[in-house]
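Open the model in your viewer and keep the selection panel at hand.

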Amino acid sequence: MERIAVIGAGSWGTALAKLLAEKGNDVLLWAYEPEVADAINREHRNLLYLPETELPATLRATPDAPEAVEGRSYVISVVPSKALRNVWSGLASHLATEAVVVSCTKGIEAAGLKLMSEVLDECLPDHPAANRTVLSGPSFAKEVARHLPTSVVIAGSDAQVRRRVQELFRTPMFLTFTHDDVVGVEVGGAVKNVLAIATGMADGLMLGHNARATSITRGLYEMIKIGQALGASPLTFMGLSGIGDLVLTCTGELSRNRTVGLELGRGRSLAEIQSEMRTVAEGVPTAEAVHKFSLERHIELPICERTYRVMYEGLSPHQALLELCALPLNAELGSIMRAQRVS
Ligand SMILES: NC(=O)c1ccc[n+]([C@@H]2O[C@H](COP(=O)([O-])OP(=O)(O)OC[C@H]3O[C@@H](n4cnc5c(N)ncnc54)[C@H](O)[C@@H]3O)[C@@H](O)[C@H]2O)c1
């Protein structure tokens with residue numbers, strides 16, 4: 001039995017805490033909203049974020065984050081990207097050096113264009129980076145909570161730590177593969193949310209299945225370009241955290257980012273759509289980060305760029321489509337193939 005903290009009681013944090021508690025571990029779940037912690041302790045339900053799921057009675061929750069982290073061997077971080085820096089800045093002094101941190105947040109910090117692992121590096125200067133891993137892949141919380149078959153990757157720099165985390169999460173229906181390309185795994189998990197908004201928009205405009213497949217595939221090309229610029233291996237994007245999560249998020253009914261795109265395509269504004277959502281759609285802030293990245297690095301990302309302009313600059317989805325269709329057509333995988341030949 002391991003002593004585990006889960007930081008963040010949204011739908012994903014709650015589903016992972018449930019999985020770990022069902023494996024017989026001692027799990028303490030930190031909830032930002034005190035009423036969420038209260039309902040988990042009293043009614044064994046997270047009424048705000050995973051209401052339909054009954055939670056194990058052994059799973060305890062607290063609104064006190066330092067209390068959750070103190071003395072825990074594993075700390076699973078599942079806060080939204082916008083809150084990551086703030087939450088972890090207050091936790092550094094409570095985290096044991098030997099504790100293993102598993103980061104499950106998917107996003108890029110727009111202010112400094114930082115991946116989530118880089119934000120953690122900055123917030124935890126005394127905690128060894130080798131003791132940190134990333135968990136990512138095609139995984140809707142609601143399906144994991146129902147024990148439906150799911151596969152994810154655990155990425156980290158230390159092989160032994162990766163294997164420990166792999167074993168920690170593995171169940172008969174939750175398959176954990178390992179990976180050493182942390183940057184590639186994080187880029188895939190972040191950028192797929194922007195592409196899900198784009199693909200949702202195409203579906204909202206009722207452009208058909210050909211357009212949907214084009215959006216996913218050309219989107220994958222943009223994802224790989226971003227990854228390569230940051231030193232990731234292009235092959236990583238052929239795996240669960242790349243194409244796997246991209247397909248799930250672009251096509252799955254449960255995807256919030258796809259839902260945002262659908263509604264944009266149907267003519268609603270971002271402000272209107274977001275005013276009705278309690279849960280996070282990480283693609284919205286990540287689109288801003290990717291936009292800044294493309295300007296800074298002079299990398300052409302036509303789909304991500306149009307998605308950003310629809311959300312932040314009032315470009316109409318129909319005009320975005322016309323612009324994309326009018327782009328000059330080059331060799332399909334041009335810059336990726338060129339980079340491969342050079343290296
Ligand atoms: N839901 C999924 O199926 C799923 C799957 C894989 C990864 N993820 C990733 O996990 C992360 C968390 O997403 P989620 O779906 O669990 O969240 P959610 O949308 O279900 O819930 C929002 C969460 O944000 C918290 N929150 C809101 N404001 C906060 C603040 N100021 N400070 C700290 N916490 C605050 C809420 O308490 C809640 O825990 C995201 O990066 C998401 O991309 C989600």
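Which residues in α13 meet which residues in α14? Select Gly 283, Val 284, Pro 285, Ala 287, Glu 288, Val 290, His 291 and Ser 294 in α13, which meet Cys 304, Glu 305, Tyr 308, Met 311 and Tyr 312 in α14; contact means heavy atoms within 4.5 Å. The residues of this contact divide into 8 nonpolar, 3 polar and 2 charged, with Gly counted as polar.

This is a predicted model, in which local features need pLDDT of at least 70 and side-chain atom pairs pLDDT 80 or more, while totals for chains, interfaces and linings use all residues. Residues are numbered from 1 along each chain, and side-chain values use heavy atoms, without hydrogens and water.

Now show α13 (residues 283-297) and α14 (residues 302-313) whole: their axes are 9 Å apart, at an angle of about 120 degrees.

On α8, select Ala 190, Val 191, Asn 193, Val 194 and Ile 197; on α13, Gly 283, Val 284, Thr 286, Ala 287 and Val 290. This contact has 7 nonpolar, 3 polar and no charged residues.

Last, select the ligand, which 23 residues surround (a heavy atom within 4 Å). The closest are Gly 10, Glu 33, Ala 141, Val 280 and Glu 282. A backbone N or O atom of Ala 141 lies 2.8 Å from a ligand oxygen atom; for Lys 106 the distance is 3.0 Å.

Note on methods:
Axes fitted to C-alpha atoms, helices over the stretch in contact; angles between N-to-C directions. Helix = DSSP H or I, 4+ residues; strand = E, 2+ residues; numbered from the N terminus. Polar contact = N/O pair within 3.5 Å; in protein donor to acceptor, adjacent residues only side chain to side chain.
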